[in-house]
Amino acid sequence: MAAKYAIRKFDAVIVGAGGAGLRAAIQLSEAGLKTAVISKVFPTRSHTVAAQGGVAASLGNSEEDHWHWHMYDTIKGSDWLGDQDAIEFMCRKANEVVVELEHYGMPFDRTDAGKIYQRPFGGHMSNFGEKPVRRSCAAADRTGHAMLHAMYQRNVKANTQFFVEWQALDLIRDAEGEVLGVTAMDMETGEIVVFHAKATIFATGGAGRIFHSSTNAFINTGDGLGMAARAGIPLEDMEFWQFHPTGVAGAGVLITEGVRGEGGILRNSQGERFMERYAPNAKDLASRDVVSRAMVTEINEGRGCGPNKDFVLLDITHLPPETIMKRLPGIHEIAVQFAGVDALKEPIPVVPTAHYQMGGIPTNYHGQVVMPQGNSQNAVVPGFYAAGECACASVHGANRLGTNSLLDLLVFGKSAGESAVEELKKSPKAHKELHQESIDKTLERLARLDEQKGGASVHDTRLTLQRTMQNHCGVFRFADKLKEGVQKILDVQKDVQRTEIKDKSKVFNTARIEALELDNLIEVAVATMVSAEARKESRGAHVRDDAPDTAANPNGRDDKNWLKHTLWFKEGNRLDYKSVKLTPLTVESIALKTRAY
């Protein structure tokens, strides 16, 4: 196509400047490699900034803890869908990456003895599920914010080159399948640039904006997943979405699990601490999917609060005010601003809200992107790495434990960076010749947007997509609603292909950016709905009414037929499956059992 674009060459290009992207960039830049980081927003405004509660590590600073217990909790939390080799790798690396972060200048809260302060968190237990343990390393309730600032400063020192307010558009992948970089757009000028790289790392975060009610920022549109899917790479386990138990009712803004870690209690309209009935041992600190379903059950059975009985209450009024203002200052502020309540004196109205994707771009624990090829289920895609929420290692399986997200992005951001450095240093090579066909596909997509007349509205189409996902693929899932949802989301997909943008200007054109983001959202939405309809069991965050808790299948889980990862391919809207890795690296496998808290 006769469209102009510039070419810029780097050793490595990282898409996304949140926690995973910044951690990978540190590894690459400090190894002396010329590294570019592309980000839609200024790095310290990436969505990692919203992480409140902490990062998991079995430091044992307050009481005895062990990485093996952390591994057990993570596998149990994943409802045995997590890959045990990757989970062992993450839990064993946890202390190392947290101490590294401390040395970068991360201002963790401290104990009186000067050690990193740790708080209890949902699903984190000592001695293989015996009792809650303090494992979350926190900087008050602004842990993600502090983490981004510490790692951004480290990158500035290492001379990482940032391209801020740039939108990545598509992967460049040659005929042999190797990834050679990305096409991207400068949001200010509309200029198209090819970032030609020997290593490409995706750290683009989640896609929570496929749901109408979400704790996710507006930038969380699944850009990395859409780009991967269009390049022929499958998306793994996209049916598994975590609904965080405590989003502010009506606003969706996150209230960290750290509130319950500090002693907060969930109550229904009768003032009852209802979690004692659903999780007698862990109570309010049960795993997130368990707490979310308990809350929805209370609401559905008429014990919700408010005029419409559509939320429950998170009560911290019994805690000392000085504890709240020291450990949870941001939460007090959020309660005032978004719920209109003073949390020191009255409880906060909360409801489960779409929060985190457990699935993503398939990777191994080295951060290398993998996909089926020939006789291998996990052939490495040359030159391509992914880390953080956009990737699926899979350490979260069917449900993620709180504080494992920040740990995931540190461990696998570093691991992806190390793998790229090792590969580039092992066989120093020139840039491969660019693949023109990949670049042309991007230019054609942009031309379609500019030339489309009389098409669907981007805003209306996105709203229909979000409402369809919320109504048909929420906390509880129903066979008929899922089947109907598949057809509805495929109809939305047709509308996305004919969206029209009224504003054809190139300078700071948010309409064009929103249309490009919608191209990514629809890939994630279709992958999610199709994968969810096909999985005929209940597991972790995926709970179907036609797969109830029975003696034959406790929790509704069907290990005989469904202990496997889903792979969704865009081409042909096709599903495939691959085995869960039940063998850890050095210890015995954590045997399957009923999941109870």
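The side chain of Gln-242 reaches the backbone oxygen of Arg-400 at 2.6 Å. This distance, like every value here, comes from a predicted model. Gln-242 also makes a polar contact with the side chain of Arg-288, at 3.0 Å.

Where does Gln-242 sit? Its place is in strand 11. Is Gln-242 buried or exposed? Gln-242 has a relative accessible area of 1%. That is under the 20% cut-off, so Gln-242 counts as buried. Leave aside residues up to four places away in sequence, and Gln-242 still touches Arg-288, Thr-353, Ala-354, His-355, Tyr-356, Met-358, Asn-399, Arg-400 and Ala-541. Asp-83 is 159 residues from Gln-242 in sequence, and their C-alpha atoms are 18 Å apart.

## The sheet around strand 11

How many bridges join strand 11 to strand 14? There are six, and strand 14 covers residues 348–357. Val-248 stands opposite Val-350 in strand 14.

Now look at strand 17, residues 376–386. Strand 9 (residues 192–202) runs parallel to strand 17, and three bridges join them. Ile-201 has Tyr-385 in strand 17 as its bridge partner.

Strand 16 (residues 368–373) runs antiparallel to strand 17, with four bridges between them. Here Val-370 stands opposite Val-380 in strand 17. Strands 16 and 17 form a hairpin with two residues between them. In the turn, Gly-374 has a positive phi of about 60°.

## The nonpolar cores

In soluble globular proteins, nonpolar side chains tend to be buried together. Here the largest nonpolar core has 77 residues. Phe-195, Phe-202 and Leu-465 have the most contacts inside this core. Which helix gives the most to this core? Helix 15 (residues 510–534) does, with 13 residues.

Follow Phe-202 as an example. Neighbours within four places in sequence aside, its contacts include Val-15, Leu-171, Val-182, Met-227, Ile-361, Phe-384 and Tyr-385. Also in contact with Phe-202 are Gly-224, Ala-228, Ala-386, Ala-387 and Cys-390.

Another core lies apart from the largest one. It has 60 residues, among them Tyr-72, Val-97, Cys-137 and Val-395.

## Salt bridges

Side chains of opposite charge can pair when their charged atoms come close. How many salt bridges does the structure hold? The structure holds 54. Three of these pairs are listed here.

| Pair | Closest N to O |
|---|---|
| Arg-327 and Asp-109 | 3.3 Å |
| Arg-277 and Glu-272 | 2.9 Å |

Glu-63 has 26% relative accessible area and is partly exposed. Arg-134 is partly exposed too, at 32%.

Next come Arg-327 and Asp-109, joined by a salt bridge. This pair spans 218 residues. Arg-327 is in helix 9 (residues 321–327), and Asp-109 is in the loop between helix 3 (84–103) and strand 4 (118–126). Are these residues buried or exposed? Arg-327 is buried, with a relative accessible area of 12%. Asp-109, at 15%, also counts as buried. Beyond neighbours within four places in sequence, Arg-327 is in contact with Asp-109, Arg-110, Tyr-117, Arg-119, Ala-140, Asp-141 and Glu-262.

The last pair in the table is Arg-277 and Glu-272. Arg-277 is partly exposed, at 44% relative accessibility. Glu-272 is partly exposed as well, at 27%.

Salt bridges can also join up. Which residues are linked in a network of salt bridges? They are Asp-79, Glu-239, Asp-289, Arg-293, Arg-535, Glu-537, Arg-539, Arg-557, Asp-559 and Arg-595.

Key
Residues numbered from 1 in each chain as written. Predicted model: local features only at pLDDT ≥ 70, side-chain atom pairs only at ≥ 80, totals over all residues. Heavy atoms only, no water. Salt bridge = Lys/Arg side-chain N within 4 Å of Asp/Glu carboxyl O. Buried < 20%, exposed > 50% of the residue type's maximum accessible area, 1.4 Å probe, protein only. Core = buried A, V, L, I, M, F, W, Y, C linked by side-chain atoms within 4.5 Å. Contact = heavy atoms within 4.5 Å. Pairing = 2+ DSSP bridges. Polar contact = N/O pair within 3.5 Å; in protein donor to acceptor, adjacent residues only side chain to side chain.
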